[in-house]
Structures are given as C-alpha cells and as structure tokens.
Amino acid sequence: MPEQSLPQQPLPASPHGATRLALEATGLVKTYPLGRGKERLRALDGLSIEVAAGTVVAVLGPNGAGKSTTVRILTTLSRPDSGSASVCGLDVQRRPAAVRRLIGLVSQKSSSDPLATARENLVLAGRIQGMPAASARARAAELLARFDLEDAADRLAQKLSGGTARKLDVAIGLVHRPRVLFLDEPTTGLDPEARADMWAEIARLSAQDEMTVLLTTHYLEEADRLADRLAIVDQGRVVVEGTPDQLKSELRGDGLVVELGSADVVPSALAALSGVAGVHDARADGSTVRARADVAARAVPGVLTALDQAGVPVLSVAVQRPSLDDVYLRHVGRTFEVAA
C-alpha cells in the first residue's frame, strides 16, 4: 500500500516578498504563578523571532532564558498570555492540529517507550501519525538505516546508550517527514563522539532534506557550528540575532582577557584601561576584565604598563579572536559561562 503523505502547506512570504517564513513569533509573553501568591514568573517578555524556510536557527541562552517555553508555544504545547505565533503560515492557537502535522519535536525528555524496542517505537510513531501499518514499518526500517540503528532495532529503548537513545528520539520526530523540526537541547548529556554524530545529522537534515530546524542549546560551539542564524535569548526576549559570522564581525578588533589578582582591584583596572590608546569596551566579570582592542597584540604592553602604574596585580593576559561569548558579553552584559 503506498504511503499516505500530508498535504503540503505553502510557506508565506516575508513582508518584503523575499524570504519564505517557516516560523514567526511576535511579542510572545508567558508567565507562570509562583506559589499561591499573586506574583508570577515572566518566562517570556515580548519575544519575537522569524525563521526562514530551510534554515537551521539556534536559539542560544542559559537555562531559564525562555528557550524551552518558546518551543512549547510554537509546538502548540503551551499558550502564550499574549502575542502570536505561526508555523508555515498556520496560527498555532487557531489551528493547532494542522500545525502538529507539519512539525516534529525532540524535547529534552525522551519520547520513546522504554519497554518497546527501537523498531516498535518508530512503527508506533508512524501509526500515531496516521500511516498504514505497512508504510509505518517501511519508514521505521528507513530511519533505522539512516541513523545507524539497525543493530539496536530490536533492543528495548531503556537498554540503549545515551547517544543511541537520542538518535532514536530524533528518528521518532522525523517519522512523518515534518516540514519543521524542533530540537530542544538535543545534545545535553552526550559524550563528544555522540554529540559529533548528532551535529552531522542535524547538518544533513538542512542540507539534504531542506528541512527547517530550530535548535535550542546552551553550547556556544554547537550554535556556531550548526546555525545559519542564531538568536540570543536572555530574560525572555531576543536581545540580538544574525549569522554567527555577522555577529562576531560586528565586534571591533580582538579580545583582551586580563586575569586580576583580586576582584577588589577591578575599579582601578577599568580606570587604568580607559586611558590606554586603542583599548575600548572594558567590562568586569568577577576578577576578570575583558576588553576590545584594535590590534590586541600591540595593545598588551600598554595594558600591562597602565595596570602596573595603577598598582593592579595581573595574573595573566590573553588575546582572543572574536567569539560568540564576546557577542553574548556585548549584548547581555555578562559572559555566557557566567550566565549559564
């Protein structure tokens, strides 16, 4: 029996008619009650984002920034207090059933049945999506091969290693060939080899399947390597978005990282650096001072001289090329490591 396919929804054009949008959210606000009082936690505070069709977009931010709440709204699992969101032009609140047919979701918590085999999980997922039994079995076999899960096909999900179980979760999310795939922290807890395997598969989804992927992560390297565009989220809103290279190129010069002997001397260090030619944007991060320099290597002698004259003890000075951590520091006011 031929496999049933879902009707393809046309993707809307942008307001300028140039780029088709797979995802669009405008002014999302979501609050949760704190205990029995009237006080509420503001998880999203006017978050807005647009995702072009066929791209990988990373939503980057520390735990509690609002990443998972955004995914829950876009996947119809939660309703915003205000604002709007759409997937492939379909409003997530008005047409949730239609949206669910177009999306796949790999959440932080595994969606597989631990007492079923990998093959059984995939067939069940296909049947839930309305596939005939034969089509579900054929699709399961296809995905087992694609994700190199054939040796694990008849093992219980609860017996799979972390990396293998995560690959099964992604395969389950792809059973019905979704137009948009949501990956919520897909590599958390994986070892480096399993993480590299997952990165390769995410890249294939976009390049070969032309699938739109929204990836939430708190790994800077993951966002830098995989994303066509990224959005940095902090305290429930997008603070900056763009391509990784674009955001890094906006940082003028190289980075200077000065490790001080004590946090008590930070004010003196900042004052001293303000007088060094070519050094700018100095900020404190505990007992570390980070700054930008037009030519960092040339600035180091002047930095050391100024700090020495100010009586500031220095443990080390390092020169760094612009990184996503620098981007985060510029727009959020603290390094990503500290925020996380």
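Here's a rule to carry along: a residue is called buried when its relative accessible area is under 20%, exposed when over 50%, and partly exposed in between. Also keep in mind that this is a predicted model.

**Stop 1: Asp 254 and Arg 321.** Select Asp 254, which has a relative accessible area of 13% and is therefore buried. Asp 254 sits in strand β11 (residues 254-260), while Arg 321 is in the loop between β14 (314-320) and α11 (324-332), 67 residues away.

**Stop 2: a charged network.** Opposite charges on side chains can pair up when the charged atoms come close. Select Arg 146, Glu 201, Arg 204 and Asp 209: salt bridges with shared partners join them into one network. Zoom in on Arg 146 and Glu 201, whose closest N and O atoms are 2.9 Å apart.

**Stop 3: Arg 119 and Asp 154.** Here is another salt bridge, with the closest N and O atoms 3.1 Å apart. Arg 119 is in helix α3 (residues 118-128) and Asp 154 in the loop between α4 and α5, so the pair ties together parts 35 residues apart in sequence. Arg 119 is partly exposed at 33%, and Asp 154 is exposed at 55%. Across the whole structure, a search finds 13 salt bridges.

**Stop 4: strand β8.** Select residues 212-217. How many of the six residues of β8 are buried? Six of the six are, so the strand is largely enclosed by the rest of the structure. Side chains in a regular strand alternate between the two faces of the sheet. Color Thr 212, Leu 214 and Thr 216 for one side and Val 213, Leu 215 and Thr 217 for the other. Next, show the neighbors: β3 (residues 56-60) runs parallel to β8 and is joined to it by five bridges, with Val 56 opposite Val 213. Strand β7 (residues 180-184) also pairs with β8 in the parallel sense, over five bridges, and there Phe 182 stands opposite Leu 214.

**Last stop: the surface.** Select Asp 148, Glu 150, Asp 151, Asp 191, Glu 193 and Asp 197, which form a negative surface patch. One of them, Asp 151, lies in the loop between α4 (133-146) and α5 (162-174) and is exposed at 76%.

Technical notes. Residues numbered from 1 in each chain as written. Predicted model: local features only at pLDDT ≥ 70, side-chain atom pairs only at ≥ 80, totals over all residues. Heavy atoms only, no water. Patch = residues over 30% accessible without salt bridge, like charges linked within 9 Å, V, L, I, M, F, W, Y side chains within 5 Å. Areas by Shrake-Rupley, 256 points an atom, 1.4 Å probe, with all protein chains shown as cover. Salt bridge = Lys/Arg side-chain N within 4 Å of Asp/Glu carboxyl O. Lys, Arg positive; Asp, Glu negative; His and termini not counted. Charge placed at Lys NZ, Arg CZ, Asp CG, Glu CD. Helix = DSSP H or I, 4+ residues; strand = E, 2+ residues; numbered from the N terminus. Buried < 20%, exposed > 50% of the residue type's maximum accessible area, 1.4 Å probe, protein only. Pairing = 2+ DSSP bridges.
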